[in-house]
Every structure is written in structure tokens, then in C-alpha cells.
Amino acid sequence: MSDTARHPFLEGLSKHRGAPPTVIVIFGASGDLTSRKLVPALYNLGLDSLLPSEFHLLGYGRKPIPDEEFQANCERDLEKFSRRPLNKDIWGHVKPNVGYHAGGYDDPKAFTELKERMLKIEKEAGRDLQFLFYISTPPSVFKPILENLGSSGLARHHDGTDLASKVIIEKPFGRDLDTAKELNRIITDQFHEHQVYRIDHYLGKETVQDLLVLRFANSIFEPLWNRNYVDCVQITVAESLGVGTRGGYYDQSGATRDMLQNHTMQLLALTAMEAPVSLGAEAIRDEKVKLLKAIQPLRLEGENCDAVRAQYGEGLIDGVRAPGYMQEQDIPQDSSTETYGALRFSIDNWRWQGVPFYLRSGKRLARRVSEIAIRFKQPPGILFSDPTRFDLANNTLVIQIQPDEGTTLLMNSKIPGLETRTQAVKMHFRYATTFGSNTPEAYERLILDCMIGDSTLFIRGDETETSWGLYTPLLESWQELGRKGLQSYPCGSWGPLAADKLLWQSNHEWR
Ligand code: NDP
Ligand code: BG6
């Protein structure tokens with residue numbers, strides 16, 4: 001189905017935040033994501049009066065759960081995971097509109113019954129309601145859910161009104177280029193692209209959205225944001241946690257599919273793309289796709305190989321001994337899955353030619369930190385060239401995505417005293433100090449955006465395919481190599497030596 005009708009609701013980030021009356025159905029509602037993120041996100045939207053006056057939530061899953069039991073489960077999740085305490089009065093208003101619908105994901109009859117239930121809710125409301133489907137299941141059942149939504153008539157189109165159904169799909173969007181194309185085909189067989197919201201929760205983070213503001217609402221950065229002034233860009237998404245109980249999923253995925261291809265790549269795209277012509281969804285997503293298309297294929301062999309992968313071994317995290325990847329639950333003893341990846345991308349466009357973009361992501365690293373570091377070139381070495389007196393650091397702008405969200409500028413300063421000596425100093429902006437720390441969670445922003453029809457912070461189909469096009473040859477080559485060339489790093493370190501060497505080749509080092 002082609003996306004012919006340009007949707008009037010896609011006004012983008014400048015849009016007024018008011019959602020139409022909605023019934024949201026969460027497939028996989030007995031799962032981890034629903035408990036920890038989705039239910040708390042909906043509740044916090046309610047607390048901020050951002051849910052529509054007519055709002056209904058239906059969980060959907062295979063095991064029969066009475067409505068009252070699901071309501072009690074939600075209440076327990078809110079007590080545990082909501083960023084703000086449970087207000088029983090407000091929850092009391094929402095609770096009667098929360099229910100559960102049991103059925104198989106591949107059972108057409110269950111979808112017909114779901115439709116009848118939703119139409120009944122609509123009839124009782126006495127007005128048209130928007131139908132929003134959140135697919136929060138493992139990807140193995142994405143296909144039957146989408147097909148059943150289509151065949152039961154739940155994928156209502158209603159072009160040009162805000163009553164078209166919408167579907168939110170969780171990652172992963174495929175595991176390589178072919179499967180991503182296949183998934184896009186299945187989705188667009190049933191829905192128009194403007195009804196589809198592919199979630200990458202990193203785009204819902206405040207600091208990630210602030211990237212656009214930092215770059216395009218300030219005039220001092222843009223003149224420097226190019227190959228004439230930037231020496232390299234380093235994007236780090238590091239976690240200190242291991243795979244925990246998710247070994248079964250993670251071993252099929254690895255750091256590249258789990259983090260680099262999606263979250264880290266989004267950070268790269270927003271950092272490097274050109275200014276969009278507007279804050280509209282299509283304008284921003286067009287620029288991201290253009291940027292992704294300018295990225296050169298990774299070199300996979302030889303001295304200039306652009307990729308390093310590694311697996312964590314036993315080590316210390318905060319002074320406590322942590323097991324290696326092979327000792328984790330559900331991990332096969334011959335696993336060649338990488339828990340760390342470091343990549344060097346070249347972007348062959350006017351702005352970035354010759355500037356390396358280094359990306360790294362891994363589990364069980366020294367600490368949890370996600371940041372983008374723009375390292376600028378050194379000034380001409382005429383005035384401060386004596387290394388015994390001057391230790392000049394490269395100016396570096398660090399955008400700290402999490403934790404301790406903020407921006408830091410590293411610059412050189414004179415050490416007070418009677419002789420001229422220099423030292424690198426830091427200028428800080430911290431969100432918590434300026435704005436307070438209780439900011440909305442990523443899922444709050446994203447679910448609200450979907451309800452109001454703003455797809456700016458969601459991934460378009462061609463974006464996933466372009467990104468997979470860059471990663472598929474790498475993943476295929478690693479699969480062929482098995483454990484050959486797979487590096488190791490101890491828990492609690494910053495990754496393998498090979499990843500340091502990747503940067504040393506161009507006289508760089510990780511921050
Ligand atoms: P879960 O593994 O908890 O599964 C969610 C629900 O899907 C289960 O409760 C179960 O519901 C149903 N389900 C599980 N396995 C199968 C299966 N093999 N066949 C059919 N149904 C199944 O997933 P999460 O909640 O952790 O994640 C949901 C989605 O969100 C996934 O796509 C995941 O990749 C993505 N995601 C999750 C994150 C997280 O932090 N959890 C973070 C980012 C993305 P029932 O038995 O009731 O039908
Ligand atoms: C998820 C990955 O998408 O992102 C997890 O599947 C990872 O493995 C998580 O831990 C990290 O998200 P955040 O928001 O905690 O950085």
C-alpha cells in the first residue's frame with residue numbers, strides 16, 4: 001500500500017500537544033516492557049493532563065487475565081516503576097477504563113472479538129475514537145499481529161482525519177537488510193506509512209531532542225560543525241549492566257543489533273545531518289536518510305579494518321566480581337556473540353569528508369554513560385608550542401545523553417600565576433541544575449507524539465533499511481568468522497585494546 005495521502009497531522013516538533021480520544025491496545029501486555037515502561041508512561045501522561053478525556057487501555061496476551069487482575073497488575077507496576085508516586089485519586093479515574101483481552105496473536109477470531117470490544121467502547125463513548133495498537137511482543141509474532149489487524153478491519157485508514165488507526169512497533173525492525181525489508185513489506189501491506197510508528201526510545205530522551213536545539217537554535221556551533229574545524233566525533237553508549245536474564249534474546253542479537261544499528265546510529269544521524277527545512281517529521285527524517293546514505297561501507301578486513309568486536313570476561317564492577325558472558329544464564333558455551341562493538345565510519349559528503357566518526361557500545365563497561373564528543377582541531381601551534389609549559393587539549397564539546405544529562409565544553413585556560421602556563425578546564429551546563437531532574441521518560445514523549453500524530457521522533461521505513469544496508473555486510477562477515485578475531489575485555493573495563501588501536505591509527509584516543 002503506497003503512502004499517497006500527505007497526512008495533515010504531521011506538523012512535527014512544533015505541534016501543540018493535545019491528543020484525540022483514544023483506545024490503546026498493547027500486544028504483549030504481560031511483558032517486561034509494559035510493566036516497567038509503558039504503563040508508567042501512560043499514567044504519567046495522565047498526571048500531566050495529557051491523556052485525552054476519553055481514554056481506554058486494553059492489554060492483549062495469550063493467557064486469560066480478568067480485567068480486575070490486569071488493573072491490579074498495573075497498579076503494582078505504577079507503585080514500583082512510576083517516576084512519580086501513585087496518586088490513588090487520579091488512578092481511580094483511569095482504572096475503570098483499563099481492561100484485558102485474551103487471545104492468540106495468530107487467531108483471527110480473537111481479533112474479531114477485539115474489534116467488537118473496541119467498537120462497543122466507541123459506541124458507549126458516543127463519539128469516534130482513535131485506535132492505537134502498540135506491538136510489544138517478541139518479533140516472532142509481529143507478522144501475525146499485523147496481518148490480523150489488517151484482515152479484521154482494525155487497521156482503519158480514514159485518510160485525512162485523526163481517526164486512522166496507528167501502530168507502534170518495538171525494535172528490532174528485522175535482523176538484517178532482507179528481514180527489515182520483509183517487515184516493512186508486511187507493515188505496509190496493512191497500514192499506510194503515516195500510520196506506522198517504529199520506536200527507538202533514544203529519540204524520546206530529552207537530551208537527544210536537545211541535539212537539534214543545540215545545533216540549530218544556537219549560531220555559535222554551526223560555523224564550526226564541519227571538516228574544517230572538527231577533528232573527529234566519538235559516540236559512546238556504554239552500560240555497566242550485563243545481559244542479566246535476557247541472555248536468550250541477547251545471544252541472538254549482540255551489541256551491534258541491540259544498540260549500534262539503532263540507538264547509536266540515531267545519535268550519529270542527528271549529530272551529522274544537515275539542517276532540516278522545518279521541524280516537520282518528513283523534513284527531519286529526509287535529512288537523516290540523506291546522511292545515512294552518505295556513509296561509506298565499512299572496511300571489514302586488513303590493516304584499515306573499521307570494526308572491532310569483543311565479549312566480556314570475568315572482572316570487577318564497583319569492586320564486586322562479575323561473571324563473564326559465557327557464565328551468564330542461557331548463553332551457549334561456543335557463543336560468538338559480541339557484547340561490545342567499536343566502529344569507524346566515514347561520511348562522504350561536503351561537510352564531513354575526512355572526519356572519522358567513532359561509535360562504541362557495550363555491556364559490562366566501567367560505567368553507564370551515553371555521550372557524543374565533538375573534538376575540534378588544535379589551533380596553529382605558533383604561540384603555545386613549548387610542551388614543557390603548555391599542555392593544550394583539543395577543544396571538545398561533550399553532549400552527555402545520560403546520566404547527569406548536560407553539555408560540557410573543554411577548553412584551555414591560563415593557570416593563574418606570574419608565568420604563562422595552560423591547563424584544560426571544563427564549562428558545564430547541567431539539566432538537573434537548570435531545569436530540575438524529574439523530566440518525562442522517553443516513552444511518555446513517544447506515546448504522546450504517536451497519539452497526536454507526530455512521527456518526527458520515530459523511524460521511517462527507508463531509514464531502517466539504509467541503516468541495515470550499512471550493518472548487514474559486517475554482521476555476515478562476523479557470522480562467517482565465528483569466534484575468530486573476537487576480542488575479550490574484563491567486566492568493568494572500557495573494552496578491548498583493539499578498540500584503542502582503531503583510534504591510534506589516526507592519532508586519536510577515546511575520551
Ligand atoms: P517479553 O519477552 O517480556 O514479551 C512480551 C510478551 O509477549 C510476553 O509477556 C508474552 O505475552 C508474549 N510473548 C513472549 N514470547 C512470546 C513468543 N515466543 N511467542 C508469542 N508471544 C510471546 O518482551 P518485552 O516486554 O521485554 O519486550 C517487548 C518488545 O519490546 C520486544 O520486541 C523487545 O525487543 C522490545 N524492547 C524491550 C525492551 C525492554 O526493556 N524490555 C527495551 C527495548 C525494546 P503472553 O504470553 O501474555 O502472550
Ligand atoms: C534497549 C536494549 O534497546 O536499550 C538494552 O535492548 C539496553 O539491551 C537498553 O540495555 C538501554 O536503554 P537505556 O535507555 O537504559 O540506555
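Let's start at a helix pair: Leu177, Ala180, Lys181, Asn184 and Thr188 of H6 meet Gly461, Thr464, Glu465, Trp468, Gly469 and Thr472 of H13, where contact means C-beta atoms, placed from the backbone, within 7 Å. This is a predicted model, in which local features need pLDDT of at least 70, side-chain atom pairs count only at pLDDT 80 or more, and totals for chains, interfaces and linings use all residues. Residues are numbered from 1 along each chain as its sequence is written, while chains are lettered from A and ligands numbered from 1 in the order in which they are written.

**The H6–H13 pair**
- Helix H6 spans residues 177-190 and helix H13 residues 461-481, and their axes come within 8 Å, crossing at roughly 165°.
- H6 and H13 are therefore roughly antiparallel (an angle over 145 degrees).

**The whole chain**
- The protein chain holds 14 helices and 17 strands, both being DSSP runs (H or I of at least four residues for helices, E of at least two for strands) numbered from the N terminus.
- Its radius of gyration, taken over C-alpha atoms, is 24 Å, close to the 24 Å that the globule rule gives for 511 residues, so the chain is as compact as a globular protein of that length; the rule is 2.2 Å times the number of residues to the power 0.38.
- Along the principal axes, the C-alpha atoms fill a box of roughly 80 × 50 × 45 Å.

**Burial and contacts**
- Of the 511 residues, 41% count as buried (20 or more other C-beta atoms within 10 Å of the residue's own).
- Among contacts with a separation of 6 or more, 77% join residues 24 or more positions apart.

How values were computed
Buried ≥ 20, exposed ≤ 12 C-beta atoms within 10 Å, placed from the backbone. Contact = placed C-beta atoms within 7 Å. Axes fitted to C-alpha atoms, helices over the stretch in contact; angles between N-to-C directions. Parallel < 35°, antiparallel > 145°, perpendicular 65-115°, else oblique.
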